[in-house]
Amino acid sequence: MFSNIPNVVPGIIAVSRDCFPVDLSARRRKAIVSAFGEGLYECPVTVENEKDMLAAVSDVKAAGCNALVVFLGNFGPETPETLIARNFDGPCMFVAAAEGDGDLMNGRGDAFCGMLNCSYNLGMRRLRAYIPEYPVGTAEEIAKMISEFIPVARAIIGVSSLKIITFGPRPQDFFACNAPIRGLYELGVEVEENSELDLLVSYRAHENDGRIPAVCADMANELGISGNNYPDLLPRMAQFELTLLDWAEEHKGSRRYIAFADKCWPAFPRQFGFEPCYVNSRLASRGIPVACEVDIYGALSEYIGACVSNDAVTLLDINNSVPKSLFDEKIAGKFSCTLTDTFMGFHCGNTPSCKMCSDRAVKYQLIQHRLLEPRDSEPDFTRGTLEGDIAAGDITFFRLQCDSEGALRSYIAEGEVLPVPTGSFGGIGIFAIPEMGRFYRHVLIEKRYPHHGAVAFSHCGKSLFNVFRYFGIEDISYNRPRFIPYPTENPFA
């Protein structure tokens, strides 16, 4: 199976304005490479003019670089340095040298000034670039900036070669997951839409696949004795897993990376004989998100989160409030949050097992059992969810969405999953996000976001924000502290 998360190979090119010493830029570049350590390719060409620019870009491409640091070791040549971004096939970061490594007569570089004109020229050429919050620093400081650039570059590279494969139309009763695909094309994402029947035909073609026993064994090992409630179900789920993996391999076409957005109810369990949730969770753990209910922007958000965090992600409903009785008994006084800071994030069973508590297990979808199977019967085709409480720890809840007018917008909120039993079903956890109540009203409701949100299992809001800025997303919402009101917030409330 192909790797679904890009490997970033960064390079650094130093630039120099011809009226400044070229060795100043070269010397400062070498200091950055030394401070960063292994993994940063040093281009030997210092760019002073357009011919140098072409030679430098050719050199880093030959070295296999797919992300680039353009370093203003002094003021820098405005045209050649910005044309690097035009000619290089990947994300570029622009940074500049701070003074202090030489005298201020022959050793002053004025890169602090040069960054201003660099930014102006990038804008004139409408070139995208990543510029850190404060892009001027010493070798050690710039090495840290490069480290922070890596996850951003990983997401940019991934999205630029991503295909989202869908099966089935968006469910009518979950219309909120339906969104214009124009925004995907603007980001460079391709979409392949298929019917559930296409998937069923492919699934049946995998019957008796010789790889099924090995996948069953891997599932049994992952679940353990206590989590493997339905051993008879494993061959069907293994068959489905192989179906999706083979489809990804055979249909990626010109793209390198894949995410899925599948219709998982109500027809799926009847026709396939199980719920797809556990299989979806296993793919997500490998960096191949499978969004529920054909949520294409949920799949995109998950994929970005997987690239940024370099870890498994999930997609959850912003689902239900925490009962006050539960809050008073288990949370109040033990954690620094209010009742309205909390909510329960839930989905049927698609969260990877590595992000759940140890008692997680394959179970059945309670809601669909009520809906689709005879009352009081033993669960049959509604089995296949991975259920249990989500493990406590830091999270980032976020989403990139195309609204009904075709504009891309996003939100990011950092918080945590509390180590408090939910006493409920599905893959579920008690989430605490500072000022969630206000964020819920003045961002999620006010800006008409759907109920699905992507979850990364770390605090990666800074990187996500930079990714969305790079993509040109103008509306990036976050959970504002109490002293910063939302534009729609009633000042008299």
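This short talk goes through the cavity and several salt bridges of the structure above.

Please keep in mind that this is a predicted model, in which local features need pLDDT of at least 70 and side-chain atom pairs count only at pLDDT 80 or more, while totals for chains, interfaces and linings use all residues. Residues are numbered from 1 along each chain as its sequence is written, and side-chain values use heavy atoms, with hydrogens and water left out.

A search of the whole structure turns up one cavity of 30 Å³ or more, where a cavity is, on a 1 Å grid over the protein atoms alone, a set of points at which a 1.4 Å probe fits but cannot get out. The largest cavity has a volume of about 50 Å³, the volume being the space filled by probe spheres set on grid points that are joined across faces, edges and corners. Its lining, meaning residues with an atom within 4 Å of a point, consists of Cys264, Glu275, Cys277, Cys292, His347, Cys348, Gly349, Asn350 and Gln368. Those residues divide into four nonpolar, four polar and one charged, on a scheme in which Ala, Val, Leu, Ile, Met, Phe, Trp, Tyr, Cys and Pro count as nonpolar, Asp, Glu, Lys and Arg as charged, and the others, Gly among them, as polar.

Now to the salt bridges, of which the whole structure has 32, each being a side-chain nitrogen of Lys or Arg within 4 Å of a carboxyl oxygen of Asp or Glu. Lys324 and Asp328 form one of these, at 2.8 Å from N to O, and both residues lie in helix α13 (residues 324-331), four residues apart, or about one turn of the helix; helices (H or I, at least four residues) and strands (E, at least two) are DSSP runs numbered from the N terminus. Lys324 is exposed, with a relative accessible area of 52%, whereas Asp328, at 39%, is partly exposed; here buried means under 20%, exposed over 50% and partly exposed in between, with a 1.4 Å probe and protein chains only.

Glu329 and Lys330 make a further salt bridge, at 3.9 Å from N to O, in which Glu329 is exposed at 52% relative accessibility and Lys330 partly exposed at 36%.

Arg482 counts as exposed, at 55% relative accessibility.

Finally, salt bridges that share partners join Asp218, Glu222, Glu241, Arg282 and Arg286 into one network.

Methods. 1 Å grid on protein atoms, 1.4 Å probe; cavity = no way out; pocket = protein on both sides within 12 Å on 5 of 7 lines; lining within 4 Å.
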